[in-house]
There are 2 protein chains.
Amino acid sequence: MSYSEYLTQTQQIADIHHSIAVLSWDKEVYLPVKGAASRSRQIATLSGVAHDMSTSDSYGDLLRSLAEDDSLSEVERRNIALSLRNYNIATRFSREFVEKKSAIVSASFHAWLEGREQQDFHVFKPHLEKIVELSREESEIIGYSDHPYDALLDIYEKDLTVKRLEEVFGGLKPELHDIIHQIRGAEQVSHDCLAGKYSTSVQMDYGEKILRAMGYDFDAGRQDLAAHPFSISFGPGDQRVTTRVDESDFSYMLWSTIHEGGHALYEQGLPADQYGLPCGSAISLGIHESQSRLWENHVGRNLDFWTSQYHEMQRTFPHLQSVSLEDYYRAINRISPGKIRTEADELHYHYHVMIRYEIERDLISGDLSVDEVNDRWRADYRDALGITIDHDTEGILQDIHWSHGSIGYFPTYTLGSLYAAQFYDQAQEDLDDLPAQLRSGDTSQLLTWLRSHIHVHGQLYDAEELCERITGKTLDPAHFISYARQKWSDIYGIAL
Amino acid sequence: MSYSEYLTQTQQIADIHHSIAVLSWDKEVYLPVKGAASRSRQIATLSGVAHDMSTSDSYGDLLRSLAEDDSLSEVERRNIALSLRNYNIATRFSREFVEKKSAIVSASFHAWLEGREQQDFHVFKPHLEKIVELSREESEIIGYSDHPYDALLDIYEKDLTVKRLEEVFGGLKPELHDIIHQIRGAEQVSHDCLAGKYSTSVQMDYGEKILRAMGYDFDAGRQDLAAHPFSISFGPGDQRVTTRVDESDFSYMLWSTIHEGGHALYEQGLPADQYGLPCGSAISLGIHESQSRLWENHVGRNLDFWTSQYHEMQRTFPHLQSVSLEDYYRAINRISPGKIRTEADELHYHYHVMIRYEIERDLISGDLSVDEVNDRWRADYRDALGITIDHDTEGILQDIHWSHGSIGYFPTYTLGSLYAAQFYDQAQEDLDDLPAQLRSGDTSQLLTWLRSHIHVHGQLYDAEELCERITGKTLDPAHFISYARQKWSDIYGIAL
């Protein structure tokens, strides 16, 4: 049993996962309608092959034997430890459970689509009941110390717990409430100046320019159109993004491009020599999201960045020629409550996440039943955002996650924003006048900083451990709060 | 051991082959340059998985046991017999041989590209030596009765032998020679009227129209741009084509679109309920090619067809507005010798194939050495076509096949044309005034005829057996010859 045998097997498993990624990408961007059943078969078969390979007895023996090998380097030991951890979790799930989950999720997804069509949660409700039951079962199989939701959080953000999350959200919530409350009392900002009609090809071309401005390497990726934007990695040298275009509102293209570009830059920066191994893979969803949010919000909604980019923006979208840079900047940073998470501003966004988190936590603990969940959703939106939900498609049916069987995922979105603010503060400290660099259109030093401090390590460190190595402390929402107070003081002309 | 277990295993193997097809398609049309190494890994890993599954002892036991099962239907027995045949051939190859072949082919392909760059066969020659040696080894492993080349022919065209091929080519060659000789003496046809510059997007849009006119289903496929056109199946409901565009000559787009569309129509017509099984798969390369040639030549170069299509053609390519339908028809059917197989006319094409066939046959028998092969190539082109090869890229390096390790493939191109003529004659006999249907723009009855007589059977019958069932006799070049005599008599105004 040798490390090279571990490399061979683990990288072959990665090849299969990346093959599934190619099939999934094509499914979202190019698959003809009648090809759906064939594609599902292919993905299911490859998933089964990958599962068999990554849970085989021989692979387990190999990992256990290498876990005892003192001659390995630090990176090698880390790879083995994490692969063994993944193996131990994966092998706890029986094939019956995996197949049951797959069947429930598949039916659930179709019911969710149907429910959205009919704008009625009742279509989806019996499926959500099964999903919650399944997730509770999953939590028991994985195991936890304190709260059953901890086991689900751990799937997306290793070692994250309800306890830690409530510390973090507890630090965020009152401050956020105060900032938003004060903004509500100030003179409001309009974003009417952004409206304008532009073709898909004009918008896609601009998306390509903004990705190049971020340092995205088009020799190692490409951009395609999709109904739901995402980024996806096919292994070293191929990290693709997709973009959503609304011809009457370029915001969808702009923010989805920058956001997905940020994800893709992380993947483009992972060490290729650790291909397919934990140390060649992203740490967690929270850290992944920190990269997309850093680019989307700290760079993409930054006045210095637009100082260099706005001329090209006006050339592409000529109606902006009568809009000053300052008005544009204020418009893209307007704060206003809304019903839809993916369209929310940087501040209200976290209410959408925290509402979902508390609902999920209570569903899993049993403190909330699926019978009560829609009333709870509507009440939370009314209480937290002052918003009345008219129908379920703009309410509890707006997100795909539950229909996919993903419970425990939402909190990582807010963690991403908080990490982003903390990393960006540190980058500003480490780099020589980052604002001036952005004003001159140079994002390269920032990207190099992200590469060397975050991307290059893969999973060598856990999320909070990496955060501490870079910034001197674990995740602390104070960075996001001070960023927010300063930014929106300027925008709304108030003292936050 | 049951037939349903056979279905599960065989269809999962098909899923993996179709997954490889998706990865390969993407590689040709969308892969960013830096993603090549990752993609090669993925394809190699999936190929290994498919190989292991299709050569496993347990799969062999299953096939052997089902081969004794008298309770199976005709179709089921045929599936088992062919799967067992494939299994027996595949298991004759050791993993070492497969890996050796893969390494030789990979190096050989790069040397071929390099040789084309330098226009010099010497770069490729040592690799061709290895390919020939490998093919002779492969022939011994597969086994044969008469000629070692028979084993290689069998890979692409089941049961085809040198003996049968020389019968067929023997019937073709003197007649072809006579027709071409007489055309050379007639007044020549010009194709200058076809020249014109048109953008890629205009040409791709027209390609889509012509595919629709053929009955290609865009809900079960799509058309993309590629340097080398091909068609590819991803399983039921997803048969894609790619098209080559030269902005200064629409012929590349037009003929590659119709040709690949013909291949894709065959795949779209295979029975989905036999997915992944022999009776759900194409019979052979010769029959596959018969479908592309039938559409390309018998429909696509047919005056009746263009009677209905020419108006739209002129609308899209306005310089044709001053060209009469008859002149256009003559131009697209001009007979003139050339150096490049893929650009050859319908008649000279077969010289290109027969030259390659005789060279391959003699390389494999040992009657020709790789040292002599380029001189032989040049001499054959001089003798048969009166053409001087100036450099090797337009000579012996023009085709990719040998660099891929494919020896025995070329003859199927000519078989395809001969089958096409024989099938088309029968369709004309069976259908009510097919020429009138084409003149009215209706290809649907022809497609239905191809579906019900050829596509629907998959591999239920062998190639010549199918031919006999449909036309009352095995493959007979007389159909092609009489088609050619009649067509070019009209075009050149001579009595052929």
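Biologist: How are residues, chains and ligands numbered or lettered here, and what does a predicted model ask of its pLDDT values?
Modeller: Residues count from 1 along each chain as its sequence is written, while chains are lettered from A and ligands numbered from 1 in the order in which they are written. In this predicted model, totals for chains, interfaces and linings use all residues, side-chain atom pairs count only at pLDDT 80 or more, and local features need pLDDT of at least 70.

Biologist: Which helix supplies the largest share of the side of chain A that touches chain B?
Modeller: Two residues are in contact if their C-beta atoms, placed from the backbone, lie within 7 Å, and 31 residues of chain A are in contact with 31 residues of chain B. Helices are DSSP runs of H or I with at least four residues, numbered from the N terminus. Helix H1 (3-29) and helix H2 (36-54) of chain A each supply at least two residues of the side that touches chain B. The largest share, eight residues, comes from H1(A).

Biologist: How many charged residues does that side of chain A have?
Modeller: Ala, Val, Leu, Ile, Met, Phe, Trp, Tyr, Cys and Pro count as nonpolar, Asp, Glu, Lys and Arg as charged, and the others, Gly among them, as polar. On the side of chain A that touches chain B there are 14 nonpolar and ten polar residues, and the number of charged residues is seven.

Biologist: Which helix gives the most to the side of domain 1 of chain A that touches domain 2 of chain A?
Modeller: Chain A is divided into domain 1 (3-145) and domain 2 (146-496), with bounds that come from an automatic or database domain assignment. In the contact, 41 residues of domain 1 of chain A meet 37 residues of domain 2 of chain A. H1, helix H4 (74-90), helix H5 (95-118) and helix H6 (121-142) of chain A each supply at least two residues of the domain 1 side. The helix that gives the most, with 13 residues, is H6(A).

Biologist: How far apart do the C-alpha centres of domain 1 and domain 2 of chain A lie?
Modeller: The domain 1 side of the contact has 20 nonpolar, twelve polar and nine charged residues. Between the C-alpha centres of the two domains of chain A, the separation is 25 Å.

Biologist: Are H12(A) and H13(A) parallel or oblique?
Modeller: Axes are lines fitted to C-alpha atoms, for helices over the stretch in contact, and angles run from 0 to 180 degrees between N-to-C directions. The axes of helix H12 (residues 303-316) and helix H13 (residues 325-332) of chain A come within 10 Å and cross at roughly 125°. Angles under 35 degrees count as roughly parallel, over 145 as roughly antiparallel, 65 to 115 as roughly perpendicular and the rest as oblique. H12(A) is therefore, relative to H13(A), oblique.

Biologist: Which residues of H13(A) meet H12(A)?
Modeller: By class, this contact has six nonpolar, one polar and no charged residues. From H12(A) come Leu303(A), Trp306(A), Thr307(A) and Tyr310(A), and they meet Leu325(A), Tyr328(A) and Tyr329(A).

Biologist: Which residues of H14(B) meet H7(B)?
Modeller: The axes of helix H7 (residues 148-156) and helix H14 (residues 349-365) of chain B come within 8 Å and cross at roughly 125°. The two helices are therefore oblique to each other. Pro148(B), Tyr149(B) and Leu152(B) in H7(B) meet Glu360(B), Arg361(B), Ile364(B) and Ser365(B).

Biologist: Is Lys473(A) buried or exposed?
Modeller: Lys473(A) lies in the loop between helix H19 (463-471) and helix H20 (478-492) of chain A. A residue is buried if 20 or more other C-beta atoms lie within 10 Å of its own, exposed if 12 or fewer, and partly exposed in between, with C-beta atoms placed from the backbone. Because Lys473(A) has 12 other C-beta atoms within 10 Å, Lys473(A) is exposed.

Biologist: What is the phi of Asp159(B) near?
Modeller: Asp159(B) lies in the loop between H7 and helix H8 (162-185) of chain B. With 13 C-beta neighbours inside 10 Å, Asp159(B) counts as partly exposed. Its phi is positive, in a residue other than glycine, and is near 75°.
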